[in-house]
Amino acid sequence: MTVTLIGGEMPLWSDLDATHGPAPAGGAALRPLLGAVFGRTLVAGPHDPELIAALPVDDVTVLVRSESDAAVLDRYAVLCGSLDKVPAVAAYDTVVALDGLDRLISAEAPDRSWDEVLSMVAALVRPGGRLLLAVENPFGLHRLVTLPGELSDADWVVAEGPGGPEVLRGRLAAAGLTVVHDFATYPDMRLSEGEVSPSQAGDRWTRDSLAGAPAAGGRRSLPAEISLLSDSFAKNRDLSGFVEARLSAAMTAAKDVLADPRRLATGAARAGLVSELAPGWIVLAGKGQAAEARTAIWPDAITVVDGAVREIRLPDPSLPRGRTLEDLLLTACRRRDLPAVRELLTAWLSGPAAGVPAGQIVVDAAGRHAGLTPAADPLVTLREFAADVIRGGYADLWPAPIGEAELTALLAGMTGRELEPADVPAAAGPRAAESVRELTTERDRLAKELAEARAKHEWYESMLRNREAELKRVRQINKVLKATMPGRAATSLYGGLRAGKRAVRGVVKKAKG
Amino acid sequence: MEFGVHHANHYYGHSHVLARYCGLDDEDPPRIQGYLQHGWNIGDGLAPDHEFTPGVPKFVWSERVRRRAWALGRREVYVTGAPWAYLVAMEPEPAGPREGTIFYPFHGWEGQHILGDHDVLIDEIRDTETGPVTICLYWQEFGDKKVRQRYERAGFRVICHGYRGGQWKDLDGAFLYRQLAEQRRHSRVASNRLCSAVFYGALAGCEPAVYGDPMRLEGEKSAFGGQARIEREWAPMHGKRVDVEAARAIAVQELGADRLLPPAELRRVFGWPMPRSVEDAELTGVLAR
């Protein structure tokens, strides 16, 4: 096909190779979204070539700002340059902007606000057409826990998008677009630079990748666990366990953070804030048309578990209903309800889901356990739970001092199982990321333990002094008693007995010999 | 003899009972790594003269005491339940009939003196109780011939459960066993002040009652609200005839009988060894939970 240089193109640049910013939109989780694509389609911004290849339409135009990316995608009609150079003609039935609006304007073009970019994109959609748009949440969980990072080459200007699902709807409405369906995405659909390992970053997009060359080891490290949840799905109380389990798996920290994002994500789910605090959103918006029957287009949720995509349409009887075991256990911990903790732990360790992390077990109304991930060594899993309890600040519930191995042994004891801390298996693998909050908790705990150990040491010292004084006193009494007549008699009697014992022993030895 | 963190841990043979529950040698219980509540009280569960070492856990009988202790600034407070509750769970109820009342006149401790009239109390007991009455005196009063004879002359049987022990000397591992055996022979337990013995009796199947002149200790201080608060807060335990079910439910709560720990957990929190790692441990009465 043709590459048209529309102006503002960037010669020494690539968005596809993820060296100047996050990897382009892609991955298995987005595939089910392509069902909404119809007619003449514009793919605006960098997208995984495999995702573009999966579009269910033939008439595809691609807009990229990088010349080299345009060359990679030249099997399509490519508009290479800055969005502001695209004629503002409503020429497309569908515009796919799943990479967001941040990489449509090139370095050659003047600065545009997020809303300005949106109105430019919206102008390209025909009446009755659709826009598939991804938006990063500037107030998302991932931002709340992140440590200060370095600016990337792509950050010559930063246009911040709307900070909430309702605000987003309002902005889209202002651009003439009505939201038909939306998902909260966990985690952020794009990985930041720091999360792409060097070997992967070095393996750039090439023509070969389009020609179907094998992707050894995966060219990019997309998260293996992704969840796209509609708001009604996330707020379905029956599904709270499933939702929390999915969010917790999706938010496992890959690098050092301010606080454990898993705890925040499950907390957000319990507070009904899944959409509000989502790292990002994906919306399907229609232009100038009545809202379509939403479930017909997109499912209620899309999950990627270990690379496998699942589309969920409610009511799905195969989904486990109930709360997670972790939720139940930590709720009992917060309530200081140790009998309940004992019961829950006993049910866990003697049930079918022993060895499955507590956060990946859904407990139904009848108390049955449904494990969502494969089981590992139950003691390793119990140790991980103990570590979570300590890092979560619940260690106060048990007598101090308490470390991971000690608490694991004690938790096992709560189920009636005998376990010595020395027999507790080591944690599985090195801890990937630390969080400032958990480190502070750990430091405070250790400082307290040290202070208490010192206080105890002093107490033992004074106890020892008392005992020594007591011993001295008793020895003196002994000495005095020995000097008395009955004392002397007792001493000689004792000596006689010992001599007799020796003699008997000698006789017995002789007899045996 | 190993020495506990605090000598009070061995009072009344408490650690002996718990050692047996844990499958350990109950003749010579190991040291408890912490302070164990040794009597029912309305404060933080521990005696007012208690010295605290930071980081040493406090083992209390009930959730209510734990909450109160926490509010009073205590930490590392762990609810284990009362040793009595473990003993009641371990000792099977005997088949024999129950008869009469066991009455515990309020006593002081070593060095305290009672202000009150034993004769008035004797009259009140006689007026109230229909069956035979056993008077259980604290060892101090039992040793006081005058006090003992006053109750004997009233026609009561007078007993003493024993010496509670102190400073690791003269420890009596059988104290609670004698008390339980006595209580289970009686259908009622009573005292002129609400105290451990009344709760013990309620848990051991006696109908509890608290009546009569509560007497006072010389120079008694009303820490934690004193006798007046006890009568207000634990009102259902007071009276010559009480609602037995309600009183028993309170006893279960106060003694933590509804939340006994499995032996494995108790061993871990006490810092006690596993039975198999102790030579010649006499394995007696471990509850399979």
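How close do the axes of H1(B) and H3(B) come, and at what angle do they cross? The axes of these two helices come within 9 Å and cross at roughly 45 degrees; axes here are lines fitted to C-alpha atoms, for helices over the stretch in contact, with angles running from 0 to 180 degrees between N-to-C directions. The model is a predicted one, in which local features need pLDDT of at least 70 and side-chain atom pairs count only at pLDDT 80 or more, while totals for chains, interfaces and linings use all residues. Residues are numbered from 1 along each chain as its sequence is written, and chains are lettered from A and ligands numbered from 1 in the order in which they are written.

H1(B) and H3(B) are therefore oblique to each other, given that angles under 35 degrees count as roughly parallel, over 145 as roughly antiparallel, 65 to 115 as roughly perpendicular and the rest as oblique. H1(B) passes H3(B) in a left-handed crossing, meaning that the near helix is turned anticlockwise from the far one by less than a right angle. From H1(B), the residues B:His14, B:Val17, B:Leu18, B:Arg20 and B:Tyr21 meet B:Pro83, B:Tyr86, B:Leu87 and B:Met90 of H3(B); residues are in contact if their C-beta atoms, placed from the backbone, lie within 7 Å. Seven nonpolar residues, one polar and one charged make up this contact (Ala, Val, Leu, Ile, Met, Phe, Trp, Tyr, Cys and Pro count as nonpolar, Asp, Glu, Lys and Arg as charged, and the others, Gly among them, as polar).

Chain B is assigned domain 1 (7-90 + 257-278) and domain 2 (101-254), with bounds from an automatic or database domain assignment. Domain 1 of chain B brings 24 residues to the contact and domain 2 of chain B brings 26 residues. On the domain 1 side, helix H1 (14-21) and helix H3 (83-90) of chain B are the elements giving two or more residues, and H3(B) gives the most, with five residues. That side divides into 13 nonpolar, seven polar and four charged residues.

Chain B also holds an open sheet of three strands in the order S1-S2-S3, with parallel pairing; strands pair if DSSP finds at least two bridges between them, and helices (H or I, at least four residues) and strands (E, at least two) are DSSP runs numbered from the N terminus. Strand S1 (35-36) and strand S3 (77-79) of chain B each have a single partner strand, so one side of each is left without a neighbour in the sheet. Three bridges link strand S2 (residues 58-60) of chain B to S3(B) in the parallel sense, with B:Val79 in S3(B) as the bridge partner of B:Val60. Helix H2 (residues 63-71) of chain B packs on this sheet, touching S2 and S3 of chain B, and its direction makes about 170 degrees with that of S3(B).

Between the chains, 19 residues of chain B are in contact with 20 residues of chain A. S3 and helix H11 (263-270) of chain B each give two or more residues to this side, and H11(B) gives the most, with five residues.

In chain A, five bridges join strand S10 (residues 301-305) to strand S11 (residues 308-312), which run antiparallel. A:Val305 stands opposite A:Ala308 in S11(A). Two residues lie between the strands of this hairpin, in which A:Asp306 takes a positive phi near 55 degrees.

Note on methods
Two residues are in contact if their C-beta atoms, placed from the backbone, lie within 7 Å.
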